[in-house]
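I'm opening my notebook to keep track of what I look up in this structure.

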Amino acid sequence: MYQQIINVTWYGATEFALYYNYRLPTEAEWEYAAKGIDGRKYPWGNTEPDGTKANYYNGNDGYEDTTSPVGNYEAGKSWCGAYDMAGNVWEWCSDWWGNSYYISSPSTNPIGATSGTFRVLRGGSWTEDTDLIRCATRWFNNPKGYSDYIGFRVVR
């Protein structure tokens, strides 16, 4: 069973993960799980989203005004079986936000900026349209920030 946690700061997400001997994914790990080596536009492939693949602003799925249950979109799974990597909630990553970091980062498994003011968010949310739930979309927030459209996933 998967648990969804929202309204959590980056600090809260990190503490939760550490308590259970997990961690937040790096931004590179998150993106790899979402788009794979074939560079998918969305976790399920390159076809545009619909109400069967993701919970997003123009979705026709009944969850347009809130989050949906984790794993509700079987057709939207990523190549490695990860659910809800597009839409539903923005997900905290372990990395600091670097606006131009990827211009000069290593091409293999970049570890992100070493410091900053903001932390990385990936995945889009139920409040976003199709452009902001693409695998390549990046965003940021103050690590003390939280809302009902921000959550996290953990890795081991």
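Where do Lys35 and Glu31 lie, and how many residues apart are they? I found both in helix α2, four residues apart, which is about one turn of the helix. I'm keeping in mind that this is a predicted model.

**Entry 1: salt bridges**

I looked at the side chains of Lys35 and Glu31 next, and they meet in a salt bridge, 3.0 Å from N to O. Side chains of opposite charge can pair when their charged atoms come close. A search of the whole structure turns up ten salt bridges.

I looked up a couple of others. Lys77 and Glu74 meet at 2.9 Å, N to O. Lys77 is partly exposed, at 28% relative accessible area, and Glu74 also counts as partly exposed, at 47%. Some bridges share partners, and they join Glu27, Glu31, Lys35, Arg122 and Arg138 into one network.

Asp38 and Arg40 make a salt bridge too, at 3.3 Å from N to O. Is Asp38 buried or exposed? Its relative accessibility is 52% and the cut-off for exposed is over 50%, so Asp38 counts as exposed.

**Entry 2: helix α2**

I went back to α2, which covers residues 27-35. Which of its residues are buried? My list has Glu27, Ala28, Trp30, Ala33, Ala34 and Lys35. I then checked what the buried residues of α2 pack against, and got β1 (90-96), α3, β2 and β3.

**Entry 3: aromatic pairs**

How many aromatic pairs are there? The count comes to nine. I picked Phe16 and Phe152 to start with. Their ring centres are 5.4 Å apart and their planes are at 65°, so I wrote this pair down as edge-to-face. The pair links distant parts of the chain: Phe16 is in helix α1 (residues 10-19) and Phe152 is in strand β4 (residues 150-152), 136 residues apart.

Phe16 is partly exposed, with a relative accessible area of 32%, whereas Phe152 is buried, at 13%.

Phe118 sits in the loop between α3 (101-104) and β2 (119-122), and Phe140 is in strand β3 (residues 138-141). They are 22 residues apart, and this pair links distant parts of the chain as well. Phe118 counts as partly exposed at 31% relative accessibility, and so does Phe140 at 25%.

**Entry 4: a cluster and a patch**

I noted one aromatic cluster made of Phe16, Tyr19, Tyr20 and Phe152. Then I looked at the surface. Phe16, Tyr19, Tyr20 and Tyr22 form a nonpolar patch there, with about 450 Å² of accessible area together. Where is Tyr22? I found it in the loop between α1 and α2. Tyr22 counts as partly exposed, at 30% relative accessibility.

**Entry 5: a charge over rings**

My last stop was Arg119. What does its charged end sit over? I found the ring of Trp96, with the charged end 3.5 Å from the ring's centre. Arg119 also lies over the face of Trp10, at 3.7 Å from the ring centre.

Conventions:
Residues numbered from 1 in each chain as written. Predicted model: local features only at pLDDT ≥ 70, side-chain atom pairs only at ≥ 80, totals over all residues. Heavy atoms only, no water. Phe/Tyr/Trp six-rings, centres within 6.5 Å; stacked < 30°, edge-to-face > 60°. Helix = DSSP H or I, 4+ residues; strand = E, 2+ residues; numbered from the N terminus. Buried < 20%, exposed > 50% of the residue type's maximum accessible area, 1.4 Å probe, protein only. Lys NZ or Arg CZ within 6 Å of the ring centre and 35° of its normal. Contact = heavy atoms within 4.5 Å. Patch = residues over 30% accessible without salt bridge, like charges linked within 9 Å, V, L, I, M, F, W, Y side chains within 5 Å. Areas by Shrake-Rupley, 256 points an atom, 1.4 Å probe, with all protein chains shown as cover. Salt bridge = Lys/Arg side-chain N within 4 Å of Asp/Glu carboxyl O.
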